[in-house]
Amino acid sequence: MAFNKTGLENDVGYVLLSETQIRQRVQELDMQITRDYEGKNPLLVCVLKGAVNFYSDLCRNIADYMEMDFIAISSYGNEMKHSGIVRLIKDIDKSITGRHVIIVEDIMDSGLTLNYMTNLLKTRNPASLKTVCLLDKPERRECAITPDYVGFVIPDEFVVGYGLDYAGTYRNLPYIGVLKPEVYTDAE
């Protein structure tokens, strides 16, 4: 389905990853996770809010038993750059002791948020702890962490859509687009 031109779409400089590219890569990740966790009933933990679209598509297509939970972390607020401070806003509801856990994140850039989450959840004694990120920006990494499963490695661009936002907006775009610099520089 074509996305109609709107004010939101006018703020996007160009489409980095189309709906079709995202859909195909998520299906590939589904197959890989299904194989890797066959018979293990993993708990997939969605990092709210940005990963919701990716998480929904990913979970919907995993072809084996699995469970779902959610965590909310704050590290950006309305800023473009990571604040360096990570806060737990909503913890997971289930015990993960002895469980196979997969953290589902929208994007890894500095790595600070995912590093915080993995360190936090490791203290709860999971059987295993892996991470899956739709997008990876390795050139922005500030700590030694790498996602276990990656959808796409992308350049250091300000991206929005498919759950990713700027100041709470653009999450509903069905693709990953690069936001025009004048949109966020004018807002400063």
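**Notebook: contacts, sheet, cores and cysteines**

I started with Arg-99 and listed what it touches, leaving out residues up to four places away in sequence: Asn-41, Pro-42, Leu-43, Glu-67, Pro-126, Ala-127 and Ser-128. The model I am reading is a predicted one. Arg-99 sits in the loop between strand 4 and strand 5. Is Arg-99 buried or exposed? Arg-99 counts as buried, because its relative accessibility is 17% and the cut-off for buried is under 20%.

Six strands make an open sheet with mixed pairing, in the order 4-3-2-5-6-7. Which strands stand at the edges? They are strand 4 (87-90) and strand 7 (149-153); each has a single partner strand, so one side of each has no neighbour in the sheet. From one strand to the next the twist averages 25 degrees.

I then looked at the pairing of strand 4. Strand 3 (residues 67-74) pairs with strand 4 in the antiparallel sense, over three bridges. Opposite Leu-88 of strand 4 stands Ile-73.

**Helices on the sheet**

I checked which strands helix 3 (residues 52-61) touches. Helix 3 packs on the sheet and contacts strand 2 (43-48), strand 3, strand 5 (100-108) and strand 6 (128-136). The direction of helix 3 makes about 160 degrees with that of strand 2.

Helix 4 (residues 112-122) lies across strand 2, strand 3, strand 4, strand 5 and strand 6. Helix 4 runs at about 170 degrees to strand 5.

I looked up helix 2 (residues 19-36) separately. Helix 2 has 18 residues and spans 26 Å from its first C-alpha to its last, close to the 26 Å expected at 1.5 Å a residue. Its buried residues are Ile-22, Arg-25, Val-26, Leu-29, Asp-30, Ile-33 and Thr-34. Those buried residues of helix 2 pack against strand 1 (12-17), helix 3, strand 5, strand 6, strand 7 and strand 9 (176-179).

**Cores**

Which residues of the largest nonpolar core touch the most other members? This core has 29 residues, and the ones I noted are Leu-44, Phe-54, Leu-58, Leu-135 and Ile-176. Two or more residues each come from helix 2, strand 2, helix 3, strand 5, strand 6, strand 7 and strand 9. A second, separate core has 18 residues, among them Leu-43, Val-45, Ile-73 and Met-117.

Leaving out residues up to four places away in sequence, Ile-176 touches Val-15, Leu-16, Leu-17, Ile-22, Leu-134, Leu-135, Val-159, Val-160, Gly-161, Tyr-162 and Leu-164.

From that list I picked Tyr-162, which is in the loop between strand 8 (159-160) and strand 9. Tyr-162 counts as buried, at 7% relative accessibility. I also checked Tyr-162 against Phe-54: they are 108 residues apart along the chain, and their C-alpha atoms are separated by 7.2 Å.

**Cysteines**

I ended with the cysteines. How many disulfides are there? The cut-off is a pair of cysteine sulfur atoms within 2.5 Å, and by this rule the count is zero. Cys-59 is in no disulfide, and the nearest cysteine sulfur, that of Cys-46, is 7.7 Å away. Cys-59 is buried, with a relative accessible area of 8%.

Methods. Residues numbered from 1 in each chain as written. Predicted model: local features only at pLDDT ≥ 70, side-chain atom pairs only at ≥ 80, totals over all residues. Heavy atoms only, no water. Buried < 20%, exposed > 50% of the residue type's maximum accessible area, 1.4 Å probe, protein only. Pairing = 2+ DSSP bridges. Helix = DSSP H or I, 4+ residues; strand = E, 2+ residues; numbered from the N terminus. Axes fitted to C-alpha atoms, helices over the stretch in contact; angles between N-to-C directions. Contact = heavy atoms within 4.5 Å. Expected span 1.5 Å × (residues − 1). Core = buried A, V, L, I, M, F, W, Y, C linked by side-chain atoms within 4.5 Å.
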